[in-house]
Amino acid sequence: MIAPLGRILILASLFAAAAGALIGFYAGRTRSAEGLRWARRFAYAYAASIIAATLVMVYALLAHDFSVSYVAQVGSTQIPTWVTVVSLWSSLEGSILFWGMVLGIYIAAATYFTRERHEEYQPDAIGVWLGTAAFFSFLIAGPANPFHTVANPPLDGPGPNALLQNHVLMAIHPPFLYLGYVGMTIPFGFACAALIKGRLGHNVLKPIRESLMLPWIFQSVAIMLGGWWAYEVLGWGGYWAWDPVENASLLPWLTATAALHSIMVVERRGILKGWTVTLIQATFLLVILGTFMTRSGVFNSVHSFTQSAIGPTILGFLAASLLFTVALLAFRIDKLEPEGRIEGAASREAMFLINNLLFVLLTFTVLIGTVFPLIVEAVKGKQMSVGRPYFDSMSIPLGALLLFILGVGPALPWGRATAAQVKKALLPPILGAVVFLIAGYLFGARTPWTLITLAFGGYAAQVTLGQMFVPMLQRMRNGDSFAGAFVEGQLRRGRRRFGSYIVHAAMIVVIIAIAISSSMRTQTELHFVKGQTQQAGGYDVTFQGVEQRSEPHRLSTIGVFTVAKDGKEITRLEPRMNQYQTMREPIGSPDVHTTALRDVYISLSNVDTLNQTASITVFVAPLVVWIWLAVIAMALGALFAMIPARRAVIVTTSEASGKDSLPNRTAPETA
Amino acid sequence: MNRTVLLVGLIIAAVLVAVLFAGLGKNPAEIRSPLIGKTAPTFALREVGTSRTVDVTQFRGKPMVVNFWATWCGPCWEEHPVLVANARMLQPQVQFLGVVFQDKEDKILGFLNQRGSSYPTVVDDAGKTAIAYGVGGVPETFFIDANGVIQAKYSGPMSPDVLRENLQKVMKQ
Amino acid sequence: MIAVLLLLLQLRVPDAAQFVGPPKGAPLAGEALEKRTNEVGRLLRCPVCQGMAVSDSPAEMAVNMKGQVRELLARGYTEEQILQYFEKSYGEFVLLRPKSPVLWMLPVAAFLLGGIVVFLKLKKLERAPPTANRQPFDSAQGRPPTEDPYLSRVRDLVSGGKQ
């Protein structure tokens, strides 16, 4: 009963998407208002049917209906309820269904929120969105069908992959990732519409910016959660290995970040339109590439789903999207003429241009590193690897340059600047650089790149703090009280600016934390007998013994350790080896003691219950927790920046000041 | 029309799709051995359950099948009967040899006693021989010709067909 | 006892010397040895794990390989020799730091090419004619830049975007 219902709903979504896409493009050509209305209806119909199908699947999972093929594949009556919900995205077919649902929600929301004042672009945008949706519904209906009917339903199932049950972060990392990935379809649709129309006007710039920002926030958090999960679960003490699937999530984030910056220059100066649109197209294409990389089995990765038939299908869609995008860009990009100019290299506009370049370079480097083994194998038949040493060598200098621009860019004014102005802008933050450098050195940082990062970071920090509070300071100069100026200038009127600089400040913290935690990390391998104490990373570690804990789905062998410093006990750590019923090999699970200053991390490599011995690796790394916290701050800052400003304040030309300080724009900004 | 964009775009698109397409169907976890066509590293290891040494050079002049395995490996259980039967059949023309690493002596003996054995099994304690042979996992089987040159390597459980196919490569001479 | 001694004399395990000759560097010990073991281990790929380094992987194969690295370093083998040894038995696949010079040059080439592109773009934008007055740009292309932006929005809405 459920499986056929699911299949019907998927077919309905496929029909709605395909028909809606065609109608959308038709309405775009004929500018028919009726056509647009129908396109919208089909968009909502697609959303409704795919969301319903997903809810049906969730119901089937919770009800343990093993007559549905996906439930038979990942369901189990032995697992906790939250794992049952999580199993929706734990395996390939379910994850594509989940993708469809997220896409449905995004398309419905985008259609609804841009239904007024954006009629020029909506038809083509809807066409692109629903075209993408049709492809994913096709996948769900065909090669990746989770709604097959199982002829003889089993009484129970194997449950999802045991690794995924190890930690609660498994529950939230994938949804965030999908909310990021899938969401990039929306700005892509608008950008395509802009290219088709040959115009990148204000009434499409705003939807592009907002529809890019939201998925970007989710993607940022998703990447952080992935790193955090790897750190807490995998046991090697690190959080980023440049694994192909990790890179797949980073690539669209890089181009999206560049696009978010580039769009600012379009809004203010009317230049870099072609760059901006290309970056948005690239983001979407990298999303499709990313999903191909994860699901095709072509790449050797910790995250890969098993090889399946959908690889070639996704590649086909990628090829089609590439052709469509290249053709669209080639034929239409020249229509997006620049409407402004750059006054000189020492201007904020020029910095944005360089910023674009650096992000594109980083994207290119990560992409080429990931794909190079495939190229070599195709051309020479030789197998080779590109691992952390390569990616680290390339990304560290580029990251440092980006941090440098993060400081210098906002310091420089828009437009023409005299030599005196440039000096006044660029020299004072050197103080910040020196302060951070000294502080870092005292903290223990010694490696050259870490010191460079600290210097650039300190410079950027001073610039960011300075720029962040300009609105408030200006109001205070005009006579407002501190509180009044803060509330009016930062919270009510200057949200976009304030939020953006919070994002920058957070980014500085992330980069410095990554630099210090990697370069100052200690790794010690020790072998213990019960009761023994040994030193690691400045701490005294005592082995208390082995414990065993039994749960319905797994047996845990736990090594109990106490960690002390200067005679005082700090914490008790219990790294374990989990033996799951469904897996042959046990899975190790480290234990971490996190403080603001440093993490003490113990990973169990060997444990003998009989003889009460254990082999462990102890990692001590400073400032790790700041990576996670700063990304959360980054997300909050960006969300704050997104809160809509008050309704348009129409200012006549005489009041237009063209100054940078206050965010009131003279072009009508719709709420 | 912007020719630069078209050209650059099409080139990137074509290269990317071609490379990804070429990668489909290949198993990225399967590593090909660089030792094929090279002389097999020599070793002398202790036969399990005894204090006798088995030196691989003593079999020079005969084609050899060297099988790396362990008792905790499922596919090794599958392929064991195939190896035992074929070894019995093909002796003394072809010499079979089992090498176990990362395992416990009593478990290996128990396994062999229970499931039979028709050729020597040696223990590679620290896995150094495995490393010299570039063994990534178990089971892996090497086919060495009468001159001591590795002619083939197979990763995964041995089936009669695969065994026959690879034996042909070393029995040609 | 004698049998054991005789046995030990007879045992022979394939050695790195077979592959890369005698050690070319100084033997290491203690903390320096551990540190270098981890460093070199991070350059070697664990063949059974998905892309992890030998230093980071808990798999027994990786532990074996790391042990072999430690022993070779203790005997005075250099990093280059150790990597060569593993490359001979496992293939280039096992090296996490790629040897290909093309791969290392590509980002540099891209950086230079990108720099040129940006420089040219900068020059092109500097040469563009200055805007009529200091108003922020108006989204409506083809309309006089001095037009009241509110008026142009009304035009936008009424004409449905037609120019």
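1. In this predicted model, strands β3 (residues 64-69) and β6 (residues 140-144) of chain B are joined by five bridges and run antiparallel. One pairing to look at: B:Phe68 has B:Glu140 of β6(B) as its bridge partner.

2. That pair belongs to an open sheet of seven strands in chain B, with the order β2-β1-β5-β4-β3-β6-β7. The pairing is mixed. Strands of a sheet can pair either parallel or antiparallel, through backbone hydrogen bonds. From one strand to the next, the twist averages 30°.

3. Check the sheet edges. They are β2 (53-55) and β7 (150-155) of chain B. Each has a single partner strand, so one side of each has no neighbour in the sheet.

4. Two helices of chain B lie across strands of the sheet. Helix α3 (residues 105-115) lies across β1 (44-47), β3, β4 (95-100) and β5 (121-123), and runs at about 170° to β5(B). Helix α5 (residues 160-171) lies across β3, β6 and β7, at about 165° to β7(B).

5. Now chain A. The axes of helix α11 (residues 244-269) and helix α14 (residues 348-380) come within 9 Å and cross at roughly 165°. Angles over 145 degrees count as roughly antiparallel, so that label applies to α11(A) and α14(A). Their crossing is left-handed.

6. Which residues make the contact of α11(A) and α14(A)? From α11(A), they include A:Leu251, A:Leu254, A:His261, A:Met264 and A:Arg269. From α14(A), A:Glu349, A:Phe352, A:Phe359, A:Leu362 and A:Val366 are among them. By class, the contact residues divide into eleven nonpolar, nine polar and two charged.

Conventions: Residues are numbered from 1 along each chain as its sequence is written. Chains are lettered from A and ligands numbered from 1 in the order in which they are written. This is a predicted model: local features need pLDDT of at least 70, side-chain atom pairs count only at pLDDT 80 or more; totals for chains, interfaces and linings use all residues. Side-chain values use heavy atoms; hydrogens and water are left out. Axes are lines fitted to C-alpha atoms, for helices over the stretch in contact, and angles run from 0 to 180 degrees between N-to-C directions. Helices (H or I, at least four residues) and strands (E, at least two) are DSSP runs, numbered from the N terminus. Angles under 35 degrees count as roughly parallel, over 145 as roughly antiparallel, 65 to 115 as roughly perpendicular and the rest as oblique. A crossing is left-handed if the near helix is turned anticlockwise from the far one by less than a right angle, and right-handed if clockwise. Contact means heavy atoms within 4.5 Å. Ala, Val, Leu, Ile, Met, Phe, Trp, Tyr, Cys and Pro count as nonpolar, Asp, Glu, Lys and Arg as charged, and the others, Gly among them, as polar. Two strands pair if DSSP finds at least two bridges between them.
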